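I opened the notebook to record what I looked up in this structure, entry by entry.

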Amino acid sequence: MTHRSVLRGLLFASPWIVGFAIFQLVPIIASAYFSLTNFNLFQDPQFVGLRNYQRLASDALFWKSLLNTLYLTVIGVPVSLTAALAASLALNMRVRGQSLFRLFVFLPTVVPVVAATYIWRWLLNAQYGYVNGALGAVGLGQPLWLDDPFWTKPALILMSLWVTGSAMVVFLAALQDVPETYYEAAVIDGAGPWAKFRHVTLPLISPVILFETIIAGIFTLQYFTQAFLLGQTRLNAASGGPENSLLVYGLYLFQQAFVNLNMGYASAMAWVLLFVALAGTFLLLRVSRDRVFYAGD
Amino acid sequence: MQATEAAPAPARAPNGVFPATSRLSRGRVAGSAWRYVVLAVVSALYLFPFIVVLTTSLKPADEIFKLPPSLGSDRWTLDNYRAALDAMPFGRYLFNTALISSITVVGQLLSSSIVAFSLAKIRWRGRDALLLLIVATMMLPPQVTMIPVYIAWSKLGLTGTYLPLLIPQFFGLPFFIFMLRQFFRGIPEELIDAARVEGASDFRIYRSVVLPLSRPALVALSIFAFMWAWTDFLLPLIYINDPEQYTLSIGLYSFFSEHGVEWGALMAAATLMSLPLVLLFFVGQRQFVRGIALTGIK
């Protein structure tokens, strides 16, 4: 009976298992092998040992792209999650027309990424753009945004603030789960709005914050499309922007693989990315161990 | 709608479009004017880009490049839309994108649901380990598998076709499998057992008990799959070369390469590309938001 039920279970799960074998397991093994070779797609792979990894260590663009991506992960993720949390707190306030406000904030999330990125290229246009128009109107400085290597990554982060809808919905659902009685007890103890947020809301939703941070972190490490499209110029599609300030890791990997056809080198880059993602997740879980509160414990 | 009746986790399942809020008396609402101010400001920030896109797309070129930027115009016009439609075969791109998106939905509906059924409703040893493996693969950067998979498609001579985009859709996606599994778990075991007592096979139970009770989750999956396929950029960029086969994403991208500074036409094209998804979102927002809430939290 148990034996048969295992067969039945595997049979029904077989689409994923077969797909996993074809599209993940075999490619992972192949990728590990390619990372030890020189491979340009047209000739057979040449085994070169760890030379690709050694070359990476002395490749200035590799480090540049890694730092660009870490910038977006270490600064961008907390900024955009904080914005999502702030938006969800505002949208959790009890008012009439609440669902309409939520709709407004979520709407940008459904705009296709290519359209959204070009929309922001227009908004951030240094001369005619509306962001600088608004900054000028209130007497603030007007950065060159996409033309200034210092401002390209803040521009990417600003763009990401516009599409925080998914995190916002998850935070909203978590906020609804905080029992009303906790707040009532806090008020009896004399807690103001900040103390309620700091000592009731934040601890109770901390597992969700951790979860969203890991998801957003992994996602940001793979970042490609927005940077690719912000840096795109007429002559050079995969340009990396001014002084390669938009050359994120995924973009450099794309250049190596699909522009230069250095499949081996790009595979080595993919493996480094995997280890960075694993190390980051591990570190995050480790650091957060004492700071995340699980109600069930 | 009855969308939420079979919800697996009532405490977390929003009742309305978004998690519901109790109705309030007029007096309390009046006393909270500042809340409306906050919400109006937040909404304005998120809506502002839409207003800019729409007004830019409806302005003649000389007004677009006027300083300081303004949202008004004396001469609203549809010229930019005409220019965008003249410059690219929009109908063709729309058809291609709709085709890919629809096949993606079908593939994911069939494959993800049957895997989720195994994980939620068949009791078997190794089930939890498989679930863990499926969830763990979500952490794998796609860059690791992208290159060997590309090499394989190119050795098979199938780059330049839609097959590399479509075939993987028939093997389930961890996100969807997990979402449906969460939903299926909420279907009472008694219903399954009753069907079993009457001699129904597993497939019969999947087909006639579980699927009909899971419409809201299947609709959510369909909306997500459709939107992701519609928006996808990297894979079509890698696999599609022939302009006849371009999707809207790639079409808009190549339009920018050629007409980058024609902001009016570009904003018109961006509007046309986004419109179907915005409409889809308005129709399916309830399921859409619920899908996120189902998977976002464990």
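Which exposed residues does the face of α6(B) turned away from its buried side carry? I found D128(B), A129(B), L132(B) and A136(B) there. This is a predicted model, in which local features need pLDDT of at least 70 and side-chain atom pairs count only at pLDDT 80 or more, while totals for chains, interfaces and linings use all residues. Residues are numbered from 1 along each chain as its sequence is written, and chains are lettered from A and ligands numbered from 1 in the order in which they are written.

Entry on α6(B). I took a residue as buried if 20 or more other C-beta atoms lie within 10 Å of its own, as exposed if 12 or fewer do, and as partly exposed in between, with C-beta atoms placed from the backbone. Helices (H or I, at least four residues) and strands (E, at least two) are DSSP runs numbered from the N terminus. Helix α6 of chain B covers residues 127–137, and its buried residues are L130(B), L131(B) and I134(B). Seen down the axis of α6(B), these buried residues fall within an arc of 100 degrees, so they line one face of the helix; the arc is that of the directions from the helix axis to the C-beta atoms.

Entry on chain B as a whole. I noted 15 helices and 0 strands in chain B, and buried residues make up 44% of its 298 residues. Two residues are in contact if their C-beta atoms, placed from the backbone, lie within 7 Å. Among contacts in chain B between residues at least 6 apart in sequence, 78% join residues at least 24 apart.

Entry on α5(B) and α9(B). Helix α5 (residues 90–121) and helix α9 (residues 174–184) of chain B pack at an angle of about 50 degrees with their axes 8 Å apart, where axes are lines fitted to C-alpha atoms, for helices over the stretch in contact, and angles run from 0 to 180 degrees between N-to-C directions. That angle makes α5(B) oblique to α9(B); angles under 35 degrees count as roughly parallel, over 145 as roughly antiparallel, 65 to 115 as roughly perpendicular and the rest as oblique. The crossing of the two is right-handed, a term used if the near helix is turned clockwise from the far one by less than a right angle, and left-handed if anticlockwise. On the α5(B) side the contact includes Q108(B), S112(B) and F117(B), and on the α9(B) side it includes F176(B), L180(B) and R181(B). The contact residues divide into 9 nonpolar, 3 polar and 2 charged, with Ala, Val, Leu, Ile, Met, Phe, Trp, Tyr, Cys and Pro counted as nonpolar, Asp, Glu, Lys and Arg as charged, and the others, Gly among them, as polar.

Entry on L221(B). I located L221(B) in helix α12 (residues 215–231) of chain B, and with 26 C-beta neighbours inside 10 Å it counts as buried. Leaving out residues up to four places away in sequence, L221(B) touches Q108(B), L109(B), S112(B), F176(B), M179(B) and L180(B).

Entry on the contact between the chains. I counted 81 residues from chain A and 86 residues from chain B in the contact. Helix α1 (residues 2–34) of chain A gives the most to the side of chain A that touches chain B, with 19 residues. By class, that side of chain A has 56 nonpolar, 19 polar and 6 charged residues.

The axes of helix α13 (residues 263–288) of chain A and helix α7 (residues 142–155) of chain B come within 8 Å and cross at roughly 155 degrees, which makes α13(A) roughly antiparallel to α7(B). I listed W271(A) and L274(A) of α13(A) and I147(B) and I151(B) of α7(B) among the residues making this contact.

Entry on backbone angles in chain A. W145(A), in the loop between α6 (130–137) and α7 (152–162), has phi near 50 degrees, a positive value in a residue other than glycine. Is W145(A) buried or exposed? W145(A) is buried, with 22 other C-beta atoms within 10 Å. E243(A) also has a positive phi, of about 50 degrees, although it is not a glycine, and E243(A) counts as exposed with 12 C-beta neighbours inside 10 Å.
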